[in-house]
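Here is a report on salt bridges, backbone angles and nonpolar cores. Keep the structure open as you read.

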Amino acid sequence: MRSRPADPAEGTRPSGVPLLDGFALYLVSDRGAAANTRLAYLRDVRTYAARLAAWGLAVPTASAADVQRYLGWMQEEQYRRSSVQRAFASLKVYYRYLVAEKAAPEDPTVLISSPGSGRRLPRVLSAKDVAALLESAVPEAARGLRDRAILELLYASGLRVSELIALKLDDVNWKEGWVRVMGKGSRERIVPCGASALGWLKRYAGEARPAVERRGGGRPELFLNPRGLPLSRVRVWMILAERARSAGLAGPVGPHVLRHCFATHLLEGGANLRDVQEMLGHASLATTQIYTHVDRRRLAEIHRKFHPRA
């Protein structure tokens with residue numbers, strides 16, 4: 001029987017379990033990482049280990065200078081800034097795991113500052129542009145009714161596209177006006193959807209969904225395509241792009257733009273940051289705080305426009 005090729009990120013724990021297999025279990029059991037996050041971390045670690053091996057280095061004995069050299073190499077290879085940041089986050093978690101398993105003598109990442117985020121502020125539409133986007137879905141046809149319900153819910157509840165397509169019909173509380181969402185890391189949350197979105201959801205569920213549901217054999221997902229099957233992420237992106245063009249909006253408009261609008265418009269209206277964090281499903285308040293930067297930018301624009309000494 002042939003053994004699998006050696007993996008430069010591999011090794012074994014004292015228990016004999018391969019390190020990467022153990023790391024994958026650790027991500028699930030100790031950190032509650034979602035499947036996509038787990039795959040990204042493992043891919044980052046393998047890429048890092050392969051690069052170190054090409055330089056004649058090993059992961060367990062790498063120094064802080066070696067990690068910095070790797071991050072510099074990623075930048076030279078024109079990896080996106082977000083990819084470099086995620087790789088560093090992956091390495092921090094992996095080295096923490098290696099030290100805990102006594103597979104590495106120390107964690108070299110503790111001596112390194114996180115690569116500067118330099119992240120762009122999210123695009124936010126004005127309330128007028130959001131209204132134009134919502135109204136671009138003409139509800140006379142079944143597809144238009146479905147699309148209007150999707151747009152209204154994305155804006156009203158700030159859902160991620162993965163959360164939207166996973167929603168089941170039973171996840172909507174039709175009486176009280178909220179949806180039950182399964183977010184990242186399998187964290188469940190309850191999010192209000194408001195009277196407008198709830199009204200369009202009721203229309204879609206009562207007028208357009210029954211016919212397509214029968215074609216698909218009775219699928220439980222809330223939003224279905226004309227064949228009665230669940231919508232894909234790509235299809236939701238296409239719906240947003242089509243509706244944005246119909247509304248005459250410039251630039252790309254994806255589901256995450258409506259999530260940004262949801263958060264920013266709430267904060268502009270006086271909502272508490274922690275309440276917005278809860279509704280967005282952010283594990284850390286620091287993630288939500290980017291929306292305070294958006295609000296400060298808006299205030300700075302107002303100051304420059306109206307203050308006599310600006």
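R143 has a relative accessibility of 40%, so R143 counts as partly exposed. The term covers values between the two cut-offs: buried is under 20% relative accessible area and exposed is over 50%, with a 1.4 Å probe and protein chains only. The partner of R143 is E242, and their closest N and O atoms are 2.4 Å apart in a salt bridge. This pair links distant parts of the chain, 99 residues apart: R143 sits in helix α6 (residues 142-157) and E242 in helix α9 (residues 233-246). E242 is partly exposed too, because its relative accessibility is 22%.

A salt bridge here is a side-chain nitrogen of Lys or Arg within 4 Å of a carboxyl oxygen of Asp or Glu. Side chains of opposite charge can pair when their charged atoms come close. Helices are DSSP runs of H or I with at least four residues, strands are runs of E with at least two, and both are numbered from the N terminus.

## Basis of the model

This is a predicted model: local features need pLDDT of at least 70, side-chain atom pairs count only at pLDDT 80 or more, and totals for chains, interfaces and linings use all residues. Residues are numbered from 1 along each chain as its sequence is written, and side-chain values use heavy atoms, with hydrogens and water left out.

## Other salt bridges

How many salt bridges does the structure hold? The total is 13. One of them joins D171 and R180, at 3.0 Å from N to O. D171 is buried because its relative accessibility is 11%. R180 has a relative accessible area of 29%, so R180 is partly exposed.

Another pairs E213 with R209, with the closest N and O atoms 3.2 Å apart. Why are these two separated by about one helical turn? Because E213 and R209 are four residues apart in helix α8. E213 is partly exposed at 25% relative accessibility. R209 is at 2%, so R209 counts as buried. Elsewhere, salt bridges that share partners join R143, R146, D147, R235, E242 and R243 into one network.

## Around R209

R209 lies in helix α8, which spans residues 194-215. Leaving out residues up to four places away in sequence, R209 touches L169, Y204, R219, P220, E221, L222 and L224. Contact means heavy atoms within 4.5 Å.

## Nonpolar cores

A nonpolar core is a set of buried Ala, Val, Leu, Ile, Met, Phe, Trp, Tyr and Cys residues joined through side-chain atoms within 4.5 Å. The largest has 51 residues, and L153 and F223 have the most contacts inside it. Helix α8 gives the most to this core, with seven residues.

A second, separate core has 32 residues, among them F23, L27, A62 and V67.

## Two positive phi angles

Most residues other than glycine have a negative phi. Q78 is not a glycine, yet its phi is positive, at about 65°. Q78 lies in the loop between α3 (64-76) and α4 (81-100). Its relative accessible area is 70%, so Q78 is exposed.

K102 also has a positive phi, near 60°. K102 is placed in the loop between α4 and α5 (127-135). Buried or exposed? K102 counts as exposed because its relative accessibility is 73%.
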